[in-house]
Amino acid sequence: MATTFKQLGQNDVTNTRTQLHEAIPMTGSLLSGTYGSFKSETNVKNFSHGMFQSVYDYPYLSSSANHIVDITMGYTTGSNNTTTHKQNGKKVQVYNQMAQVLMGHDVSGNIQQFDRDGNILAGGTKHKEVYFLSFSRLLVKDEIKKGTFSLTMMTGGGVGNPGTLNNDGSPLVLTDLNANTDFRVNSPAGEYGILYSGSTAQTSSAMGLIYYQAGIVVLTSSIFGTSSFATSSYAGGMVPVKKALTGTTIQENCNFIRHRIANISFNNTTELNSTIYFCRANHNEFNYSSNPSYLSGSRIRVKEKASDNPNSYITTIGLYSPDNELLAVAKTSEPIKKTPANEFTLRVRLDY
Amino acid sequence: MGFLDNSGDIILDAVLTDTGRMRLAKGDGSFNISKFALGDDEIDYSLYRNNNHPDGAHANGSAYADLTILQSPILEAITNNTSQLHSKLVTISQLNLFDLPIMLLHTKTGGFKVNTNTTWGASGQGYVLISDETSYNHIITELGATSVLLEGVINGSNPALSQLSHTIRIDQGLDTNANSAKKKLDANLMESQFIVEADNRFIKLMSAQNNPVNFNFVDDDQIASYFITAASQGGMVVDLQPIQNDNETNNYPFKGSPGKSLRFTLGSSDNIADSSYYFTLLGNTGTVTIGTKTFYSLDTVVRVTGATTGYKIDIPIRVLRSTTA
């Protein structure tokens with residue numbers, strides 16, 4: 001009996017799960033300086049609510065622009081907040097919102113503060129005034145790969161040209177040191193690591209947290225020490241960090257930190273759940289074709305006499321439902337000659 | 001779609017079709033891949049340079065016969081489920097076959113003739129479906145009930161009331177003198193099931209006895225699929241009998257062994273019976289004139305595929321609807 005379909009058996013289908021990693025480099029010039037002058041960049045979107053700032057890889061009014069990171073900041077009620085501070089309520093709101101998502105609540109239902117070493121039960125130092133870098137899902141995909149994150153910042157007393165480090169002396173480099181084997185799991189938002197400023201993982205050099213699945217970096221304002229921020233423009237007047245945190249808006253603070261980022265890099269992770277269909281064309285199968293050009297009248301063109309072997313050319317593999325609906329299709333990059341003298345296993349992988 | 005890069009290793013470009021994604025989204029278990037088929041849509045076998053080729057065999061020998069075919073650029077996969085796998089590869093255990101059966105529209109005998117009108121009809125290649133009773137009556141009034149132009153004109157509101165031929169007949173068989181028409185087609189090549197695909201917005205499939213046939217499913221492009229077997233109602237699949245005498249040349253549209261025959265007719269859907277919406281949306285520009293009356297026209301195709309051999313035939317259908325009540 002002639003047939004055009006072949007059933008897939010139990011041994012012809014398998015499922016696999018693989019992780020795919022991509023390197024994501026992000027230069028400081030993209031965050032500040034490439035598209036317009038500082039604070040007026042066309043790839044930086046500010047909102048009337050003033051609670052965060054969005055950075056794109058191209059002027060955001062263009063449909064080609066991709067969202068890359070959101071920046072915001074906040075401090076806890078345990079910090080020196082006062083209602084007279086600029087946007088005091090919103091800064092506390094941002095901190096609490098991020099903290100309850102990323103740190104959760106204690107047994108009494110109180111929002112946990114960001115913990116410096118992740119040892120929440122032991123108490124210890126808390127990050128009370130923080131900046132948040134929230135990377136878009138486009139970059140993070142399923143998660144940031146542990147042990148790959150690096151953030152280089154200008155944290156010195158002066159402010160260099162956008163994207164350069166020349167006036168800052170040595171830059172601050174934060175990495176999630178050893179995080180592929182040393183990370184925390186006591187967060188409701190998944191796994192997180194500690195960002196260290198040195199080459200050894202010690203509490204004194206812990207400057208922030210990185211939440212791998214959430215794609216969020218929390219930076220303590222302590223990284224800036226006693227340095228100052230520029231105010232109206234990078235060449236303008238300078239204000240100490242503490243004053244910037246309290247005396248300027250969230251948007252201004254976002255500008256300050258964005259302007260001082262020299263480089264960010266990490267690897268993202270995509271979890272690929274795949275089903276692989278092994279489409280086996282045995283020697284005695286699929287050697288004829290129903291292509292109208294296969295016949296001249298009823299005569300098979302590729303044969304000169306009846307005893308010649310038939311042959312056909314595979315360009316397409318169709319995966320069908322029991323009711324003959326085409327559910328998936330695969331194309332070969334070139335025609336594959338099928339004759340009774342050969343066999344093929346065409347491996348079609350569908351990723352989900 | 002672009003062409004796939006064929007400069008290096010052979011790669012596979014796989015995508016879910018729109019129907020596949022729709023079923024996956026439903027989450028009701030209807031996304032179930034249970035079988036596969038291989039296709040060769042891009043291949044033009046007339047480029048095969050053996051002695052059958054008009055220019056003769058390739059000068060460099062038989063190893064070069066398919067050089068041009070193997071260099072065919074292949075398009076990326078298209079996600080529309082009806083756009084690909086139009087010609088499938090076929091598994092037949094016998095390797096010494098020299099001829100394969102084809103399917104042809106049977107137009108030789110009365111009752112099955114196509115419309116021959118070149119002005120408003122289907123130009124001798126297909127059928128004319130009239131969307132509603134009023135439109136059909138207009139045509140009868142204009143042409144007269146016995147006009148030969150009514151061959152292949154189907155009264156969509158009730159095909160049985162069509163004046164002349166209104167049954168579509170497709171015969172399967174070998175179109176070669178090498179196999180006598182006095183002998184039946186090899187059982188291995190005989191169609192056991194036909195798949196009829198028609199646009200569900202315009203057309204309802206009817207049996208040869210003019211009874212509605214239920215479709216098996218309608219895809220996301222509104223193409224209804226009907227699986228027709230010998231067990232289907234109204235004798236839609238008929239065994240063709242070998243001819244007895246050499247002078248029976250009009251029995252079949254081909255020269256050699258006969259196989260199966262599929263017979264059906266068409267009804268108009270409620271959409272086109274009650275409204276001219278689809279005619280103005282998808283129909284031909286302008287109107288066609290029959291006598292003093294004008295009609296909207298809309299062209300579509302009914303596709304018939306043999307489930308056994310994969311052979312496929314497209315039947316052009318022109319749908320007409322009067323512009324006046």
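Which residues form one aromatic cluster with Y95(A)? The cluster is made up of Y95(A), F114(A), F132(A), Y192(A) and Y211(A). This is a predicted model, in which local features need pLDDT of at least 70 and side-chain atom pairs count only at pLDDT 80 or more, while totals for chains, interfaces and linings use all residues. Residues are numbered from 1 along each chain as its sequence is written, chains are lettered from A in the order in which they are written, and side-chain values use heavy atoms, with hydrogens and water left out.

Y95(A) and F114(A) form an edge-to-face aromatic pair, 5.4 Å centre to centre with 85° between the planes (rings of Phe, Tyr and Trp, for Trp the six-membered ring, pair if their centres lie within 6.5 Å; planes under 30 degrees apart count as stacked, over 60 as edge-to-face and the rest as tilted). Y95(A) is buried, with a relative accessible area of 1%, and F114(A) is buried at 0% (buried means under 20% relative accessible area, exposed over 50%, partly exposed in between, with a 1.4 Å probe and protein chains only).

Turning to the two chains, 83 residues of chain B are in contact with 71 residues of chain A (heavy atoms within 4.5 Å). Two charged ends sit over rings of the partner chain, as tabulated here (NZ of Lys or CZ of Arg within 6 Å of the ring centre and within 35 degrees of the ring normal).

| Charged residue | Ring | Distance from ring centre |
|---|---|---|
| R299(A) | F98(B) | 3.9 Å |
| K35(B) | F5(A) | 4.6 Å |
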